[in-house]
Amino acid sequence: MEQLATDTARGGDAIDRGAPARGAAVAFSGVTKSYGAFHALKDFELEIRPGEFLTLLGPSGSGKTTSLMLLAGFAFPSRGHVLINGRDVSKVPSYRRDQGIVFQSYSLFPHMTIEQNLAFPLETRGMARGDIARKTADALTMVRLDGFHGRYPDQLSGGQQQRVALARALVADPPLLLMDEPLGALDKNLREEMQLEIKHIQESLKLTVLYVTHDQEEALTMSDRIVVMNEGRIQQTGTPVELYERPKTRFVAEFVGDVNIVPGRVETAGARTCFRSEDGAVAMACPPGWAPDGEAPSCAAVRPEKIAMDMAAGPQGQGQERGHEPEPGRVRVDGRIREAIYLGQMTRYVIDAGPAQFVAKRMSGPGERRFQLHDEVTLSWFADDFVPLR
Amino acid sequence: MTTAIAGSSARGAFAGLFQRLGSPSASSALLVVPAVCFIAAFFILPMGDLFLASVGYPDITLESYRQFFSQGGYFQVLVRTVTAGFAVTGICLVLGFPLAYAIAMSSGAWRTVMLLLVVVPYLTSLLVRTYAWIVMLGDGGVINKTLIFLGLTDAPVQILYTSLGAYIGMVHIMLPFMVLPILSVMNGLDERLVPAAKSMGAGPVRAFVRVFLPLTVPGIKSGSILVFILAIGFYITPAALGGLSDVLLSQLIEIQVSQAMNFRLAAAAAFVLLLVTAGFLLLFGADFTSARGGLIAGGTDRRTAGVAAMAASLVRKTVSRVSASTGVARAASGLRRAAWRRALYRRDPLMRVRPGLVIAYAAAGLFFLILPSLIVLVMSFSSDPFLSFPPSGLSLRWYEDFFADRSWTSALGQSVFVALASTALSCGLGIMAAYALDRHPRLGRYMMPLLLAPIIVPIIVVGVALYGGFVDWGLIGTDLGLILAHTLGGISYVVIIVCATLAGFDRRLERAALSMGAGPVTTFRRITLPLIQYGIVAGAIFAFIHSFDEVVVATFIGGFGEKTLPMKMWEDIRHQINPTIAAVSTMLLLVPVLGLIGLRFTADRRK
């Protein structure tokens with residue numbers, strides 16, 4: 001049985017403290033959330049391990065914010081259960097859950113000083129005044145804002161407000177930290193700095209974090225695991241490497257990073273299976289187990305940085321067969337450079353290969369050859385890097 | 001043990017009230033009920049009775065209406081009233097638009113001063129301003145003395161008690177009601193639009209006519225509707241300044257009630273006036289239904305809420321001590337704004353054409369607005385036993401007379417008592433209603449017109465209706481009757497201002513507090529209340545001023561009871577022009593000043 005913290009003479013509202021103070025375990029079990037006929041979340045199943053940094057990634061309307069709202073206690077599931085440390089909190093209102101939340105707009109109380117803002121979650125938990133002063137000072141130190149305690153939120157910059165919001169979410173040592181696109185209002189440099197800072201704090205405190213964002217780079221940077229969502233459903237769950245290197249659906253491949261999609265299908269000719277694109281320009285001998293039975297891929301994908309480029313061998317002229325015969329382990333395509341955009345650390349090429357277009361990225365490494373507009377090139381990549389997608 | 005359980009179950013029940021923040025539970029909608037019941041009982045019912053009286057209840061005839069339209073020149077009075085309404089509106093528009101423009105284009109200290117010169121008259125008692133004009137327009141008054149001095153005439157010209165006098169008074173009273181809505185819209189315009197038009201090749205005049213002017217139309221509409229409706233229902237000023245042959249509809253109604261004792265005819269006339277008002281509103285698409293930050297064409301909402309906000313901000317600027325950290329930022333932004341305005345100033349069409357003209361015009365307009373009050377102020381210190389300007393000597397005798405005269409001091413006490421009581425009641429009912437409307441916007445569609453009805457309906461109609469209703473309930477001449485009557489308008493003002501405040505309140509802050517373990521009650525107490533208390537106090541100030549200065553309804557239902565200060569003033573103005581009134585008027589000038597200071601102190605807490 002869980003112990004309810006007793007109300008003190010100060011009238012603190014009851015907070016439920018579950019198991020150990022660090023890193024709650026979270027589970028969504030068959031959760032559906034509907035608003036009338038509209039389903040924001042459908043059969044949502046997810047487990048978050050204690051101390052894990054999990055990101056919900058997806059476009060607007062994908063249901064990621066709804067999931068956070070359910071976990072926070074601002075909304076209740078239409079069906080299914082939300083569990084924290086094994087306890088069903090589906091109908092428990094927000095102020096009875098032990099958590100810290102960083103909101104998109106920070107929601108710092110404008111009529112209170114920074115110190116009063118930080119003290120608030122401690123006061124509601126009935127902490128003694130001396131302890132409150134000590135903890136708020138520690139929190140300010142943690143986000144490197146010592147000396148700011150007497151200021152008001154509107155006297156701080158956006159980045160400083162963000163740090164105060166983070167400190168306020170953490171000051172009461174919650175086992176669970178929820179973050180709803182907290183870095184959206186910051187400029188690029190500040191955002192990257194804050195991403196690392198948040199990650200370090202999380203690692204040292206061993207907190208469970210549920211992070212919501214639409215920025216895939218941010219998700220890749222910070223997460224232990226990412227859940228890609230679309231239209232209320234989970235598309236794929238995995239580590240950043242898994243999602244990037246081995247996406248399972250076209251949506252995930254396109255949402256996380258740049259990708260070249262080649263529509264086509266698997267053809268079987270006797271003992272050999274190969275994947276052929278619709279326009280015939282791309283053909284690959286399928287490695288064993290590439291396309292598991294029962295799941296016919298609709299396309300295959302290759303990341304731009306996996307594509308090697310060479311000047312085309314042999315004379316090219318009109319009527320020349322452009323396709324290459326499928327060879328094991330590699331895929332080759334011929335094309336002509338249509339765009340070459342120099343980006344400093346790399347060059348981005350757009351290559352016309354028949355009706356299709358490929359994007360390739362080559363780092364400006366030592367000895368790297370730079371191709372020019374209209375060069376005839378042969379693209380090649382490993383079969384392992386050519387991922388089948390549903 | 002049991003108390004703990006009882007406490008937690010009560011808390012649980014209360015928690016149910018706020019349980020789903022995304023869709024607030026129906027319980028909070030019930031908060032609108034007390035205010036609605038109050039208005040239904042003490043306003044709608046009397047209005048219904050009035051209507052029944054007008055159709056000759058218990059027999060249903062249209063005799064009274066027939067009487068109105070066919071007999072005794074009443075129809076002509078109606079026509080004259082509507083004509084006067086249009087005339088006053090037109091004059092106010094012509095005079096007020098350039099004034100609003102001049103204020104909008106100014107900045108810094110000048111702007112603050114100009115705003116003050118518009119807002120203070122707006123908040124000043126109607127009686128004080130009317131009295132000032134009586135003094136100024138008389139045969140021995142300032143206007144005539146100036147005309148004779150300038151050699152434009154040999155003998156005093158009759159201005160007082162003519163329609164000219166009534167018009168001058170009405171325009172003076174109405175001018176802020178035109179200027180403030182237009183100014184409010186102009187302030188909200190994107191400053192970069194006119195330069196953008198110019199960058200596309202529009203000359204200054206064309207940019208003004210095709211870009212700036214059309215965007216100010218909502219303000220023009222607001223102001224015009226407001227002024228017209230107030231003008232056709234206007235009672236005090238035309239009655240005091242106009243001649244016997246220039247009677248307007250409101251005066252006719254009053255005569256029917258008090259002298260001719262023909263209540264039915266008065267009721268019919270009142271409803272005709274109401275119909276004209278309602279017709280005008282419907283025709284020009286006024287929308288009173290939105291509670292959340294809406295641009296209401298009727299203007300009442302924006303007038304009051306906008307003025308409250310403007311008044312508070314301008315006082316903040318005039319009085320506040322600039323602190324070190326914010327002072328630099330404010331000065332810097334002020335400089336930037338001043339520089340930007342200067343750039344606009346330079347290229348501004350009217351300014352470029354004749355800068356001196358616009359400045360002179362603005363100065364004249366503002367002088368016109370504040371002059372009457374200034375004259376009364378000076379005269380109140382006069383040692384002459386009769387009204388004269390300029391006074392030959394200074395003395396405090398009129399102030400001494402006031403405080404020595406029991407009838408004056410008890411009137412003051414009565415006014416304060418009634419105002420405080422009705423303000424308290426208005427705030428209680430109005431805040432709950434505003435909260436309910438904020439949480440349930442769809443409720444606003446039906447409730448808002450009802451809650452604003454007491455200040456939309458012409459005051460003379462309200463007076464007659466309440467008179468009829470309160471007679472039956474024995475409330476004539478009682479303190480309770482006065483308090484109830486003033487609470488009606490008070491609720492309207494409180495609802496307007498608190499709704500506007502709540503619309504600007506970031507509800508995500510409540511959510512944040514809940515996430516940090518604060519229950520619904522704690523959240524309201526520590527987060528919501530401190531952040532909206534500015535609006536609550538502003539609403540209370542407006543409700544107080546409304547009650548304190550209110551004279552028409554008070555006169556109707558006051559009977560032989562204890563008089564309020566405005567009632568006594570009005571009586572004295574009608575029957576004996578006593579210089580003591582000048583002293584009273586000057587003291588009443590303190591009311592808007594105190595009100596503005598009150599607004600400033602509450603605004604300070606809101607960071």
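Helix α1 of chain A (residues 64-72) lies across β3, β4 and β6 of chain A, and its direction is about 115° from that of β3(A). Axes here are lines fitted to C-alpha atoms, for helices over the stretch in contact, and angles run from 0 to 180 degrees between N-to-C directions. Contact means that C-beta atoms, placed from the backbone, lie within 7 Å. Helices (H or I, at least four residues) and strands (E, at least two) are DSSP runs, numbered from the N terminus.

This is a predicted model, where local features need pLDDT of at least 70, side-chain atom pairs count only at pLDDT 80 or more, and totals for chains, interfaces and linings use all residues. Residues are numbered from 1 along each chain as its sequence is written, with chains lettered from A and ligands numbered from 1 in the order in which they are written.

Now for the sheet. In chain A, 4 strands form an open, antiparallel sheet in the order β4-β3-β6-β7; pairing takes at least two DSSP bridges.

Over in chain B, α8 (residues 163-188) packs with α11 (residues 217-232) at about 155°, axes 8 Å apart. The two are therefore roughly antiparallel (over 145 degrees). Residues making the contact include B:Phe177 and B:Met178 of α8(B) and B:Leu226 and B:Leu230 of α11(B).

Terms used:
Contact = placed C-beta atoms within 7 Å. Parallel < 35°, antiparallel > 145°, perpendicular 65-115°, else oblique.
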